[in-house]
Amino acid sequence: MLKLIVTIDGPAASGKSTVARLLADRLGVSFLDTGAMYRAATLAAMRARIDMTNESEFLRIIESSKFQFSTEKGKTLVRLDGDDVTDEIRRPDVTANARYAASAPKVRARLVEMQRQIAAEKEKIVTEGRDQGTVAFPDANVKFFLTADAKTRAGRRQAEMPDTDKRRDIGQVRRDIEARDKSDQDREIGPLRPADDAIVVDTTKLSIEEVVQRLLEYVEGKC
Ligand code: C5P
């Protein structure tokens with residue numbers, strides 16, 4: 001069987017996780033949510049109460065933690081040292097703190113190495129994140145970059161929130177998203193940007209199904 005790597009990068013709430021999962025499912029291939037890896041590493045650091053700006057400490061925690069990632073019914077299940085932390089890694093404080101792992105070059109290098117190890121064990125994979133087409137898999141067979149305007153992304157993010165958080169002001173949700181965009185775009189290593197050979201898809205006016213269909217056509221056309 002030929003190896004297939006499809007990368008999907010894009011900003012927060014651009015729809016890439018949902019689309020990547022559905023695309024992997026339609027293609028019958030594995031799926032990797034690399035944001036979950038940054039989140040799990042962040043939670044490990046928070047539990048160990050380390051100074052998250054200290055890169056060596058962060059690396060030490062990553063090396064001494066046991067991470068397990070799997071997909072079940074389209075959901076990424078995450079275990080940290082045996083504990084199911086699937087929901088915990090989506091907490092707002094973990095989301096906010098993920099910027100420390102994301103902006104630490106050595107932590108990024110270690111997580112990229114883990115991503116390549118996971119991909120090497122699979123025949124075919126759809127992987128999503130911020131730097132998958134640019135840094136982790138520069139030779140991927142097909143690369144996508146999904147975008148959507150900030151207002152649309154804030155609306156999507158608010159709709160996914162648990163009921164207790166739903167009342168959060170949409171303006172605040174949008175500001176949080178824009179702050180994450182800025183920190184993702186401005187970092188020196190692995191910044192958020194489309195790879196030169198990425199297909200850029202603006203999802204603002206498209207349904208999930210339309211995006212998945214479009215991507216599926218590209219992949220089938222290419223491979
Ligand atoms: O995609 P998700 O929101 O789960 O990602 C959490 C955080 O991890 C993002 O805000 C981003 O800063 C970081 N991340 C990254 N590189 C990736 C995936 C995620 O820097 N490949």
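**Entry 1**

I began with Arg174, which sits in helix α9. Helices (H or I, at least four residues) and strands (E, at least two) are DSSP runs, numbered from the N terminus. Before going on, I noted that this is a predicted model, where local features need pLDDT of at least 70, side-chain atom pairs count only at pLDDT 80 or more, and totals for chains, interfaces and linings use all residues. Residues are numbered from 1 along each chain as its sequence is written, and side-chain values use heavy atoms, with hydrogens and water left out.

Leaving aside residues up to four places away in sequence, Arg174 touches Ala150, Lys151 and Ala154, where contact means heavy atoms within 4.5 Å. I also looked up Thr152: its C-alpha is 9.0 Å from that of Arg174, and the two are 22 residues apart in sequence.

**Entry 2: Helix α7**

Next I turned to α7 (residues 150–160), where Ala150, Arg153 and Ala154 are buried. Down the axis of α7 its buried residues fall within an arc of 100°, so they line one face of the helix; the arc is that of the directions from the helix axis to the C-beta atoms. Those buried residues pack against α9 (170–186). On the face of α7 turned away from its buried side I found the exposed residues Lys151 and Ala159.

**Entry 3: Ser14**

Arg153 came up again when I looked at Ser14, which touches Leu146, Thr147, Arg153, Arg156 and Thr203, not counting residues up to four places away in sequence. Ser14 is in the loop between β1 (4–9) and α1 (16–27). It is buried, at a relative accessible area of 1%.

**Entry 4: Aromatic pairs**

How many aromatic pairs does a search of the whole structure find? The search gives 2. Phe67 and Phe69 have ring centres 6.3 Å apart and planes at 15°, so the pair is stacked. For the rule, ring centres of Phe, Tyr and Trp (its six-membered ring) must lie within 6.5 Å; planes under 30 degrees apart count as stacked, over 60 as edge-to-face and the rest as tilted. Phe144 and Tyr218 make a tilted pair, 5.8 Å centre to centre with 55° between the planes. Phe144 belongs to strand β7 (residues 142–147) and Tyr218 to helix α10 (residues 208–222), so this pair ties together parts 74 residues apart in sequence. Phe144 is buried at 1% relative accessible area, while Tyr218 is partly exposed at 38%.

**Entry 5: Two helices side by side**

Last, I checked helix α3 (residues 55–64) against helix α5 (residues 105–120): their axes come within 8 Å and cross at roughly 25°. That makes α3 roughly parallel to α5. Axes are lines fitted to C-alpha atoms, for helices over the stretch in contact, and angles run from 0 to 180 degrees between N-to-C directions; under 35 degrees counts as roughly parallel, over 145 as roughly antiparallel, 65 to 115 as roughly perpendicular and the rest as oblique. Among the residues making the contact are Phe58 and Leu59 of α3 and Val107 and Met114 of α5.

How values were computed. Buried means under 20% relative accessible area, exposed over 50%, partly exposed in between (1.4 Å probe, protein chains only).
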